[in-house]
Amino acid sequence: MATIKRRTVLFADLRGSTALYESLGNAQATAVVTQTINALAQRVPAMGGQVIKTLGDGLMAVFSVPSMALASAMQMHDLLESTVAAPHAAPGVARLRLQIAMALGEVVEVNSDCFGDAVNVAARLLDHAGDNETLITGDLYDELPLDTRAAYRSLDRVHLRGRAEPVEVHMLPPRGVDTTATLMETRFDLAEPEGLQLLWRDSVYRLSRSDLPILIGRGSTCGLQIDEARVSRTHARIDWTGGGLQVADLSINGTYVRFTGDDEVLSLRRGACTLHGSGDIGLGGSPNEVGVPVLQFSVMSSLDDTVPMRLPPRS
């Protein structure tokens with residue numbers, strides 16, 4: 001019999017498992033991934049939650065108490081961190097990363113499974129999470145104590161695949177990463193930007209506030225897909241933060257920024273940089289290197305009356 005309950009839905013996903021299969025082979029890699037997921041799943045009942053299903057290299061769980069869901073997520077991150085840092089960890093395990101996304105809302109429980117809008121939002125929000133990040137919806141954020149909210153950074157309203165209305169999202173960055181300290185450049189003397197122009201090869205994309213945040217990478221869920229060997233599945237994110245435009249690195253090989261008129265190249269390794277003026281963004285290497293995919297950017301102080309060339313709709 002179906003029942004409707006208010007729950008926090010959690011999705012967790014391991015990244016880096018593909019490389020693990022390449023380095024260890026199918027049998028050993030499957031054992032490592034399965035063992036890791038099972039260990040992460042144990043953090044759910046320990047915090048009063050229920051594991052709904054495991055999904056190969058991921059899992060889905062629900063919690064009746066939002067704070068317990070957040071505690072479970074933090075324990076999962078801690079567990080994976082200790083696993084990859086173990087002296088006798090299997091080869092390739094150090095490359096594993098964890099993404100977590102959570103949404104709060106009504107779910108329909110049927111035969112030990114869950115359905116509903118909160119489930120769909122959490123599942124699609126996972127596509128926007130970077131390595132070792134936790135993303136939560138605004139409804140869940142509002143349930144947090146004020147002192148806990150300080151650890152989160154607003155990503156404003158995010159457009160999720162298959163959903164007409166954007167969703168308010170907040171991010172808990174990886175442990176040890178201070179999102180304010182990793183901003184390489186902050187320009188308080190500039191007028192607040194109103195848009196961003198990106199040039200990739202022969203295509204020009206003009207983005208307004210409503211188009212952001214945007215993910216850049218090889219993955220099918222990225223708003224700007226760049227199918228290059230150096231580019232990660234989810235490589236970088238450009239979003240609106242504190243009245244400015246910031247690019248954040250989510251990749252394995254790094255994101256690099258060079259401003260026009262400046263010879264210095266900023267290396268973003270799990271960090272962020274405020275964009276101003278114009279310049280180049282190297283994906284997986286410095287813009288100075290031959291063969292590196294390079295996005296040209298230009299911050300717009302005002303949008304003119306021309307018709308913008310927008311990114312293709314997300315499937």
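Which element supplies the largest share of the lining of the largest pocket? Keep that question in mind as you look through these close-up views of a predicted model.

**View 1. The largest pocket and the residues that line it.** This pocket has a volume of about 880 Å³. Its lining is made up of 37 residues, and those closest to the centre are R15, R95, L96, R97 and D131. Now for the opening question: α3 gives the largest share of the lining, 5 residues. Helix α3 spans residues 66-84, and along with β1 (3-15) and α1 it belongs to the elements that each supply at least two lining residues. Sorted by class, the lining holds 15 nonpolar, 13 charged and 9 polar residues.

**View 2. Helices α1 and α2 packed against each other.** Here you can see α1, residues 17-24, beside α2, residues 26-41. Their axes lie 7 Å apart and form an angle of about 140 degrees. That angle makes α1 oblique to α2. As for handedness, α1 and α2 cross in a right-handed way.

**View 3. The residues where α1 meets α2.** Which residues of α1 take part in this contact? Look for S17, L20, Y21 and L24. On the α2 side, their partners are N26, Q28, A29, T30, V32 and V33. The residues of this contact include 6 nonpolar and 4 polar ones, with no charged residue among them.

**View 4. A cis peptide bond between L212 and P213.** Zoom in on the bond that joins L212 to P213, and you will find an omega of about 0 degrees. Where does P213 sit? You can find P213 in the loop that runs between β10 (203-208) and β11 (214-217).

**View 5. N111 and its positive phi.** Although N111 is not a glycine, its phi is positive, at about 50 degrees.

How values were computed: Residues are numbered from 1 along each chain as its sequence is written. This is a predicted model: local features need pLDDT of at least 70, side-chain atom pairs count only at pLDDT 80 or more; totals for chains, interfaces and linings use all residues. Side-chain values use heavy atoms; hydrogens and water are left out. Axes are lines fitted to C-alpha atoms, for helices over the stretch in contact, and angles run from 0 to 180 degrees between N-to-C directions. Helices (H or I, at least four residues) and strands (E, at least two) are DSSP runs, numbered from the N terminus. Angles under 35 degrees count as roughly parallel, over 145 as roughly antiparallel, 65 to 115 as roughly perpendicular and the rest as oblique. A crossing is left-handed if the near helix is turned anticlockwise from the far one by less than a right angle, and right-handed if clockwise. Contact means heavy atoms within 4.5 Å. Ala, Val, Leu, Ile, Met, Phe, Trp, Tyr, Cys and Pro count as nonpolar, Asp, Glu, Lys and Arg as charged, and the others, Gly among them, as polar. On a 1 Å grid over the protein atoms alone, a cavity is a set of points where a 1.4 Å probe fits but cannot get out, and a pocket is an open set with protein on both sides within 12 Å along at least five of seven lines; lining residues have an atom within 4 Å of a point. Grid points are joined across faces, edges and corners, and a volume is the space filled by probe spheres set on the points.
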